[in-house]
There are 2 protein chains.
Amino acid sequence: MARAEWIAIDWGTSNLRVWAMQGATVLNAASSDRGMGRLDRDGFEPALVDLIGDWIDGPTMAVACGMVGSRQGWVEAPYATVPCAALPEGMVRAPAADPRLTVWVIPGLRQMSPADVMRGEETQIAGFLALNPGWDGVICLPGTHTKWVHVSAGEVISFQTFMTGELFSVIGTQTVLRHSISADGWDEAAYGQGLDDSFSRPERLAARLFSLRAEALVSTLSPTAARARLSGLLIGSELAAAKPYWLGQQVAVIGAGTVAGLYIKALAAQHVPAIQADGERATLAGLTAAWRKLKEI
Amino acid sequence: MARAEWIAIDWGTSNLRVWAMQGATVLNAASSDRGMGRLDRDGFEPALVDLIGDWIDGPTMAVACGMVGSRQGWVEAPYATVPCAALPEGMVRAPAADPRLTVWVIPGLRQMSPADVMRGEETQIAGFLALNPGWDGVICLPGTHTKWVHVSAGEVISFQTFMTGELFSVIGTQTVLRHSISADGWDEAAYGQGLDDSFSRPERLAARLFSLRAEALVSTLSPTAARARLSGLLIGSELAAAKPYWLGQQVAVIGAGTVAGLYIKALAAQHVPAIQADGERATLAGLTAAWRKLKEI
């Protein structure tokens, strides 16, 4: 196969994803479950070389984003402070013993007040802006920790993180509600009901959770409907709290498939039209933008 | 030692507590970790006899409350539907092979709309009412699943469950916040701050959780302060949602020590004076009232 001109790396807590790149073109892709959370400092280089060893035969640059740059990562890439460009100065070189590899890590962003941090999403934002030059508005990045990001004139102005995905997971699997909630399946009406309930009376979220269990016991709430209603309750509550972000703004939701669709549906119910952008495409565009900056140095 | 006249049993999901009783007087007490959650149907009688075998030498009545009466318990004691007395008709006899034992199980209460259920707290409510005849108002029973209960003319009128205790536990130990939250310790100012934040703007709860992590990363929030603030955020949110219960009512908080104190402090901040009643005393008074009813049969 063709030798990679450079390597794109998305290295999160749980997963490592790599692409062999020629300019902005993907030649090959691979992934493993050797995320930052499973590695100690000496484990990063072997985990990377295992995936990309066959793609390189001489000096090659690699550009990485995500938790690989955290204090517990391969090398700490200190946060840049907003407002700033999504791809600010301050990429940090990771120590690699393999003489073929030059690995750069993109810094995350932080906000001093209210305190907030991101690692990885800044690269998707930079990629989205590279694909949509001049775009101003609010970017929503759903996930384990959903981010709402106000972008203007090419800079990240402010952002806010919601633990909605993680709350959905722990409430649905680690609390008493697990007895009443299915592991998969969906009920669109129940999702809409949860969304409405919680958006219109967000202060009652705490009161509504146990009712998922109680309705299963005294009434006929199905485990599938309970799952969708829990999702609606949590996303509705998030939307109520994130209103200062999306109200009167154009919104882009960056992410794949199902979860991004839930946010777009929730925004539509508030008469906020939102465009959806592919998450992997945004990541690759952001890593490519970072690689171009490094080539210029 | 003196033979027990009867046996009082509080049998929850996690623990089994028993008392050797003479009328309303405690002769002896014991407990084990053989809660309902760890037993199959054949395991209940041996778990009980292991604790009380030495206290009985002839036919003895035992009265039990809690999850022992759930569908997964020793015998199902079907819910009574509110409004009704805290100790309604419908105690169910559990099948015991030991000829000395007659074991009665107190039914839980259910509410059809909004759906809700309790098992065990109804006995504490009955006990509190036995100790405070004619009391009308709202009873708050803090715990893994906190209950707010409207009581009038000796009946339970309505109630609502909040998963506050369980949410505190899973959010503090099973999510990313665990890295920023201590396992114990306390910071009174941080508790008050979380309480105020969340009570005054409950719709922002979802936004405030991740800030506990972010402030630890970009600022100087201590793990102890983060723990107290999380508690304040969740209790403040509960208080906002439970306002229809406590507003303009006299309130009694039934429970031991620390957690009951947190609720009393939170209510005091809203200018609601609340009395505190001991949980174990209420349980024993409720079981004693049930035993007296059974003796009359």
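Contact between two chains means heavy atoms within 4.5 Å. The views below all come from a predicted model.

**Figure 1. Chains A and B meet through the same surface.** Of the interface residues of chain B, 100% are also interface residues in chain A, so the copies meet through the same surface. Chain B gives 35 residues to the contact, and chain A gives 35 residues.

**Figure 2. A two-fold axis relates the two chains.**

**Figure 3. Area is buried between chain B and chain A.** The two chains bury about 3,300 Å² between them, and 70% of this is on carbon and sulfur atoms. On the chain B side, the residues that lose the most area to chain A are B:M163, B:F210 and B:V218, which together make up 20% of what that side buries. The count of salt bridges between the chains is 0, while the count of residue pairs in polar contact is 5, with both residues at pLDDT 80 or more.

**Figure 4. Strands and helices of chain B form the side that touches chain A.** Elements that give two or more residues to this side include strand 13 (155–162), helix 3 (164–174) and helix 6 (223–241) of chain B. Helix 5 of chain B gives the most, with 9 residues. By type, the residues of this side of chain B are 20 nonpolar, 8 polar and 7 charged.

**Figure 5. Chain A is divided into two domains.** Domain 1 covers 6–119 and domain 2 covers 162–277. Taken over C-alpha atoms, the centres of these two domains of chain A are separated by 32 Å.

Figure 6. Most peptide bonds are trans. The bond from A:V82 to A:P83 is cis, with omega near -5°, and A:P83 lies in the loop between strand 5 (80–81) and strand 6 (84–85) of chain A. The bond from A:S113 to A:P114 is also cis, with omega near -5°. A:P114 is in the loop between strand 9 (109–111) and strand 10 (116–118) of chain A.

**Figure 7. A:H271 has a positive phi.** Most residues other than glycine have a negative phi. In A:H271, which is not glycine, phi is near 65°. A:H271 is found in the loop between helix 8 (257–269) and strand 15 (274–277) of chain A.

How values were computed. Residues numbered from 1 in each chain as written. Chains lettered and ligands numbered in written order. Predicted model: local features only at pLDDT ≥ 70, side-chain atom pairs only at ≥ 80, totals over all residues. Heavy atoms only, no water. Domains from an automatic or database assignment. Buried area = accessible area lost by both parts, 1.4 Å probe. Salt bridge = Lys/Arg side-chain N within 4 Å of Asp/Glu carboxyl O. Polar contact = N/O pair within 3.5 Å; in protein donor to acceptor, adjacent residues only side chain to side chain. Helix = DSSP H or I, 4+ residues; strand = E, 2+ residues; numbered from the N terminus. Nonpolar A, V, L, I, M, F, W, Y, C, P; charged D, E, K, R; others polar.
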